[in-house]
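User: Hi! I'm new to reading protein structures and would like to go through one step by step. Could you help me with this one?

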Amino acid sequence: DVYKRQTLPGATEKVIEYWSTVWDLDTDLGSKDQIYLLKKLCNTIAMIGLLMAVVPGVALLLKIPCFESLSGSEGPKLGPWDDKKKKTYWKKWVINAAVSIGTALFVIWWFSKPSWNTVIGAHMIKNTYFMSCTNMNVIWVWTLLNTIWLMISFWTDYKKDKAVGIRNDEMIGWKLKKGEFWKILAFTAVVMFLFYSVVWFCKWLFNTDFRFLEAAIKEFNPGKLWQFIQYVPVFFLFYLALSLNVNGGQRFEGMNEKKYLFFTALGATIAPLVLFLVQYGSVALTGYVVMYGDWIATFWIIWVFWQLFLAPYFLRAMYKLTGKNWVAPMIVASLYTMIGVANTSIACYWF
């Protein structure tokens, strides 16, 4: 009955009663006097507001003299959005969705096997120095597999289209001038500093964070910086691959951009969405989860749903500001990686 259905207020009520008994608390408040869900709602509204400030904030920072050279405009589009392009888009959408779901199921299965520890080097219960944010390893492996697929898919199409003159470097915005990469890195550091200054200030003043259920944008201790450095390269490559596909391979004349971004965001989140419907649909119908043995791995892939859904919007908006497919992936990867490592435990004892 460990996995038996339990409502959030009911579960919270039992936790309150347990600790009230253990600590012998003397209070007039009963276990049903809860403002937990209201607090969650307010935290979610605050998180939405914070995320909505990212793109305008980037636009303002690009006006600073030392960063204004990073500003640019959207490159030329690939041609008319005709029936052939639509058919190709939906074919790739289905294939990418299948790969995403398949790799998610593979990672969940793999993480249930002891043998994976010898490959990655960090286990849920083993202290290690590298790859030491326990649950982040689930997302890291899944991201790595999808990065490889997206890179192969993009470069195959790019080389084929370039050979027949349909696509060129200017259309995909991947060329950088000398020293520009380091300027983008410095720009990302400034964005991260300002973003987390707001997070730390709200924690100091209000003792709260920005949260959607268990997915929180919150403060972190200095030890998390080492974990950030460990994980961010793969996430950067993933969002670079996604940005190249979104902005370099799928921008056509006459395309309905709002509809396109929505379905692209849906495609990016299809695996977490399917896992959520299967896992928690089963809870609603039967009172039990389906993948109870691997529920932590399943939960962590579901957990990144909102991040993946917002990613194409961030990538497109910042591409339009810069004309490059580098700035947005670096900022998005940095923000999402820090959110991830700040939300999970460190399995090693050095920090």
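This is a predicted model: local features need pLDDT of at least 70, side-chain atom pairs count only at pLDDT 80 or more; totals for chains, interfaces and linings use all residues.

User: Is Gln307 buried or exposed, and what is its relative accessible area?

Analyst: Gln307 is found in helix α13. A residue counts as buried when its relative accessible area is under 20%. Gln307 falls under that cut-off, so it is buried, with a relative accessible area of 4%.

User: Which residues does Gln307 touch, leaving out those up to four places away in sequence?

Analyst: Let's look along the chain and then in space. Gln307 and Val332 are 25 residues apart in sequence, yet their C-alpha atoms are 9.1 Å apart in space. Once residues up to four places away in sequence are set aside, Gln307 touches Tyr336 and Ile339.

User: How many helices and strands does the protein chain have?

Analyst: Let's step back to the whole chain. Of the 351 residues in the protein chain, 46% are buried. Its accessible surface comes to about 18,400 Å², and 69% of that belongs to carbon and sulfur atoms. As for the elements, the protein chain has 14 helices and 2 strands.

User: Where is Asn325, and what is its relative accessible area?

Analyst: Asn325 is in the loop between α13 (305-322) and α14 (327-342). Beyond its neighbours within four places in sequence, Asn325 is in contact with Ile172, Gly173, Leu240, Ser243, Leu244, Asn247, Gly248 and Tyr319. Asn325 is buried because its value lies under the 20% cut-off. Its relative accessible area is 0%.

User: How do α6 and α9 cross, and at what angle?

Analyst: Helix α6 covers residues 136-163 and helix α9 covers residues 224-248. Where α6 passes α9, the crossing is left-handed. Their axes come within 9 Å and cross at roughly 35°.

User: How many of the residues in that contact of α6 with α9 are nonpolar, polar and charged?

Analyst: Let's start with who takes part. On the α6 side the contact includes Trp140, Leu144, Asn146 and Phe154, while the α9 side includes Tyr231, Phe235, Phe238 and Asn245. Sorting the residues of the contact by type gives 16 nonpolar, 8 polar and no charged.

User: Which residues is Ser100 in contact with, apart from its neighbours within four places in sequence?

Analyst: Ser100 lies in helix α4 (residues 83-110). At 6% relative accessibility it is under the 20% cut-off, so Ser100 counts as buried. Leaving its neighbours within four places aside, the contacts of Ser100 are Trp142, Asn146, Ile270 and Ala271.

User: Is Asp24 buried or exposed, and what is its relative accessible area?

Analyst: Asp24 lies in the loop between α1 (8-22) and α2 (36-52). Its phi is near 50°, a positive value in a residue other than glycine. For accessibility, exposed means over 50%. Asp24 passes that mark and is therefore exposed, with a relative accessible area of 68%.

User: Where is Asn207, and what is its phi?

Analyst: Asn207 is found in the loop between α8 (180-206) and β1 (210-212). At 53% relative accessibility, which is over 50%, Asn207 counts as exposed. Asn207 is a residue other than glycine with a positive phi, near 55°.

User: What does Cys202 contact beyond its neighbours within four places in sequence?

Analyst: Cys202 has its place in helix α8, and it is buried, with a relative accessible area of 14%. Its C-alpha atom is separated by 9.4 Å from that of Lys218, 16 residues apart along the chain. The contacts of Cys202 beyond those neighbours are Asn207, Thr208 and Phe210.

User: How many disulfides does a search of the whole structure find?

Analyst: A disulfide is a covalent bond between the sulfur atoms of two cysteines. Cys42 is partly exposed, with a relative accessible area of 44%, and Cys66 is also partly exposed, at 45%. For disulfides, the number found in a search of the whole structure is 0.

Key: Residues are numbered from 1 along each chain as its sequence is written. Side-chain values use heavy atoms; hydrogens and water are left out. Helices (H or I, at least four residues) and strands (E, at least two) are DSSP runs, numbered from the N terminus. Buried means under 20% relative accessible area, exposed over 50%, partly exposed in between (1.4 Å probe, protein chains only). Accessible areas come from the Shrake-Rupley method with a 1.4 Å probe; for residues, only the protein chains shown count as cover. A disulfide is a pair of cysteine sulfur atoms within 2.5 Å. Axes are lines fitted to C-alpha atoms, for helices over the stretch in contact, and angles run from 0 to 180 degrees between N-to-C directions. A crossing is left-handed if the near helix is turned anticlockwise from the far one by less than a right angle, and right-handed if clockwise. Contact means heavy atoms within 4.5 Å. Ala, Val, Leu, Ile, Met, Phe, Trp, Tyr, Cys and Pro count as nonpolar, Asp, Glu, Lys and Arg as charged, and the others, Gly among them, as polar.
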